Amino acid sequence: ALMREVDGAWDQDGMNAIQIARDDRHDRYVMTYQGYRSDDGTYSVGVGAAESRDGVNWTRSEANPVLMQGVEYEGGLFIDWPLALYVSEGGGITSYMGASTTDDVVDMYAVEVSEDLTGWHIFGDPVLTAGPESYDQAGITAASVVKLGDTFYMFYIGAAGWEDIGGGARAPVTQTLSLATSATGISWTKHRDNPIAVELTAAKELDGVAAQVVGDTIHLWLTDNYAGP
């Protein structure tokens, strides 16, 4: 394991929603992730950060957990999970987070992260909102951001609804792949032909996406549950 649980820590019982980006300016990799701890069936969930020189040995941020679920931030905002992570050529770090002001809809917010991974400034308004289109009206559940030329490209998974899976938890249903573009990485415009024609059968069970620039093209990797969970 590249990172192991630490007994008694806020993330001792699990890590998921892991996002990793290369920071060439500072010769390192940076990571954001969701961690959780269970105490007698009661879960506390937060967001953590880590860095690595070789991609194998990781050092957690001293500020972890940098954000917590269930905590009301400025503007009545509640954090959900990391969606994407982007590091500019100059070393600037932007974490794209799922967050909401209600329990029903998960929008995307941008978070400016300091170089030492301890400072997290949440932009006041969502950079990409769920809906009003039906294909992502319930929320944004996964994303990947890359830059090609002067344009930022965001490939994201949008959900049309939620279902109760017990224990106070919910899961997205009817998920499809969509595209948004931006000149700044902050203000995004959805593509007029969304959702993208990938797995648009009745199942519509995409739940993960990763993008990488290779030369002058963008390569995509998708998680699709078309064959069953």
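These notebook entries record what I looked up in a predicted model of one protein chain.

**Overall form.** I began with the secondary structure and found 15 strands and zero helices. I then checked the radius of gyration: the chain has 17 Å, which agrees with the value near 17 Å for a compact globule of 229 residues. Along the principal axes, the C-alpha atoms fill a box of roughly 45 × 45 × 40 Å. I noted that 42% of the 229 residues are buried. The accessible surface is about 11800 Å², and carbon and sulfur atoms account for 47% of that area.

**Charges.** I recorded eight salt bridges.

**Arg60 and Asp11.** I looked up this salt bridge and found its closest N and O atoms 3.3 Å apart. Arg60 lies in strand S4 and Asp11 in the segment before strand S1, so the pair ties together parts that are 49 residues apart in sequence. Arg60 counts as partly exposed, at 26% relative accessibility, whereas Asp11 counts as buried, at 2%.

**Lys190 and its partners.** I found a salt bridge from Lys190 to Glu133, with the closest N and O atoms 3.1 Å apart. Lys190 sits in strand S13 and Glu133 in the loop between strands S9 and S10, 57 residues apart. Glu133 is partly exposed, with a relative accessible area of 30%. Lys190 also forms a salt bridge with Asp136, at 2.8 Å between the closest N and O atoms. Asp136 lies in the loop between S9 and S10, 54 residues from Lys190. I noted that both Asp136 and Lys190 are buried.

Methods
Residues numbered from 1 in each chain as written. Predicted model: local features only at pLDDT ≥ 70, side-chain atom pairs only at ≥ 80, totals over all residues. Heavy atoms only, no water. Helix = DSSP H or I, 4+ residues; strand = E, 2+ residues; numbered from the N terminus. Rg over C-alpha atoms; globule rule 2.2 N^0.38 Å. Buried < 20%, exposed > 50% of the residue type's maximum accessible area, 1.4 Å probe, protein only. Areas by Shrake-Rupley, 256 points an atom, 1.4 Å probe, with all protein chains shown as cover. Salt bridge = Lys/Arg side-chain N within 4 Å of Asp/Glu carboxyl O.
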